[in-house]
Amino acid sequence: MQISQKGALLVCLGMMGFVYFLANIFQQENYPIIENSVYPTDIFFIVVSPITIIIAAILVVRHGTTGNHSIAWILFLAGAIVWYAADLTYYYNSEYVAENNQSYLVDYLYYSSYFLYFGFMVFYLRPRKNKISKKMIILGIIISASFIMPSLYFISQKPITDNAETGINLVYPFLDSMVFVPAFVAAILFFRGEVNFLWITVTLGVICMAVADTVFLIERCLEIFSTSSMANLFFAWKWILFGFGAYSHVKIFGAKPRQ
């Protein structure tokens, strides 16, 4: 029996949630694959994430290098590659770099990825600018403010011992808010039938990124972060959602992609 695209997405999200549930139940921190560095749930980021990159590369080849959609997919591909590079750098630092390392290269890579994803959404929505109202944008900005307030609150509650690290952490909620606005606008267009399945997955993926950043920051402030954290689960869901969204533009489950 052929499974629907939405059904397959829900199954993948559910399976990933179950994996993290088991990781917490059995305390995967006691079973590292690489001592003090890579744990079972990390394999998803190291091995499975490239699938999204491969799909994005296929779309870049299909669309070429000219036009809004072409530029959009090039930016999406670049964003996925840079984010993946940041993940690998994070794991490398965990294994080989001293704990007091003051390099913020990983954060700068993540920052770059946010801007690339933002550019992807802007260029993809550009041909539909006549369908986008100021009210939609303003509403998106208002809702995006909810990504900033919890992070600011928890940062304000923690004694500042490192101004640079505090500044680095403060950037993430603003980046989440930035990418949410075009994703929210696209979601409205999706429910109006103006854009395809890609946009509901991108919107949900962006929300997962925002939730993950907020949870990560809170857990770091409370010093309870672990590899099986819910923050990592939301980051994993982000990869799945982005992957399915990109795959919806390739012939899958017998459906033709719709621009």
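Guide: Let's begin at the second largest pocket, where helix 2 gives the largest share of the lining, 6 residues. Keep in mind that this is a predicted model.

Visitor: Which elements give two or more residues to that lining?

Guide: Helix 1, helix 2 and helix 9 (230-247) do. The lining of this second largest pocket has 14 residues, and Cys-12, Val-48, Ile-51, Ile-240 and Phe-244 are the ones nearest its centre. The space inside comes to about 260 Å³.

Visitor: What makes the residues of that lining nonpolar, polar or charged?

Guide: It goes by residue type: Val, Ile, Phe and Cys, for example, count as nonpolar. Sorted that way, the lining of the second largest pocket has 11 nonpolar residues, 3 polar ones and no charged ones.

Visitor: Let's zoom out. How many helices and strands does the chain have?

Guide: There are 9 helices and 0 strands. Read from the N terminus, the elements go α-α-α-α-α-α-α-α-α.

Visitor: And how much of the chain counts as buried?

Guide: Of its 259 residues, 47% do. As for contacts, take those between residues at least 6 apart in sequence: 77% of them join residues at least 24 apart.

Visitor: How confident is the predictor, and where is confidence lowest and highest?

Guide: The chain has a mean pLDDT of 81, with 87% of its residues at 70 or more. Helix 6 (residues 149-157) has the lowest confidence, a mean of 75, while helix 4 (residues 105-125) has the highest, at 92. Watch residues 252-259 too: their pLDDT is below 50, though the stretch has 25 contacts in the model beyond near neighbours in sequence.

Visitor: How do you know what span to expect for helix 1?

Guide: You take 1.5 Å times one less than the number of residues. Helix 1 has 21 residues, and its reach of 30 Å from first C-alpha to last is close to the 30 Å expected.

Visitor: Which residues of helix 1 are buried, and what do they pack against?

Guide: The buried ones are Gln-5, Ala-8, Leu-9, Leu-13, Met-16, Gly-17, Tyr-20 and Ala-23. They pack against helix 2, helix 8 and helix 9. Here's a handy rule for looking at a list like that: an α-helix has 3.6 residues a turn, so residues three or four places apart point the same way.

Visitor: What makes Gln-27 worth a stop?

Guide: Gln-27 has a positive phi of about 50°, although it isn't a glycine. Most residues other than glycine have a negative phi. You'll find Gln-27 in the loop between helix 1 (5-25) and helix 2 (42-63).

Visitor: Why is Gln-27 called partly exposed?

Guide: Buried means under 20% and exposed means over 50%. The relative accessible area of Gln-27 is 47%, so it is partly exposed.

Visitor: Is helix 8 enclosed by the rest of the structure or open, and how do you know?

Guide: Count its buried residues: 18 of 25 are buried, so helix 8 is largely enclosed by the rest of the structure. Helix 8 covers residues 198-222 and reaches 36 Å, close to the 36 Å expected.

Visitor: Why does Thr-214 count as buried?

Guide: Its relative accessibility is 13%, and the cut-off is under 20%, so Thr-214 counts as buried. This residue of helix 8 is in contact with Phe-147, Pro-150 and Ser-151, leaving aside neighbours within four places in sequence.

Visitor: What about Phe-225: why is it called partly exposed?

Guide: Phe-225 has a relative accessible area of 25%, which lies between 20% and 50%, so partly exposed is the label. Phe-225 sits in the loop between helix 8 and helix 9. Leaving aside neighbours within four places in sequence, its contacts include Tyr-90, Phe-216 and Ala-231.

Visitor: One last case. How do you know that Leu-170 is partly exposed?

Guide: Its relative accessibility is 27%, again between the 20% and 50% cut-offs, so Leu-170 counts as partly exposed. Leu-170 lies in helix 7 (residues 163-191). Beyond neighbours within four places in sequence, Leu-170 is in contact with Leu-152 and Ile-155. Leu-170 and Ile-148 are 22 residues apart in sequence and 8.7 Å apart in space, C-alpha to C-alpha.

Note on methods:
Residues are numbered from 1 along each chain as its sequence is written. This is a predicted model: local features need pLDDT of at least 70, side-chain atom pairs count only at pLDDT 80 or more; totals for chains, interfaces and linings use all residues. Side-chain values use heavy atoms; hydrogens and water are left out. pLDDT is the predictor's confidence in each residue, from 0 to 100. Helices (H or I, at least four residues) and strands (E, at least two) are DSSP runs, numbered from the N terminus. Contact means heavy atoms within 4.5 Å. Buried means under 20% relative accessible area, exposed over 50%, partly exposed in between (1.4 Å probe, protein chains only). On a 1 Å grid over the protein atoms alone, a cavity is a set of points where a 1.4 Å probe fits but cannot get out, and a pocket is an open set with protein on both sides within 12 Å along at least five of seven lines; lining residues have an atom within 4 Å of a point. Grid points are joined across faces, edges and corners, and a volume is the space filled by probe spheres set on the points.
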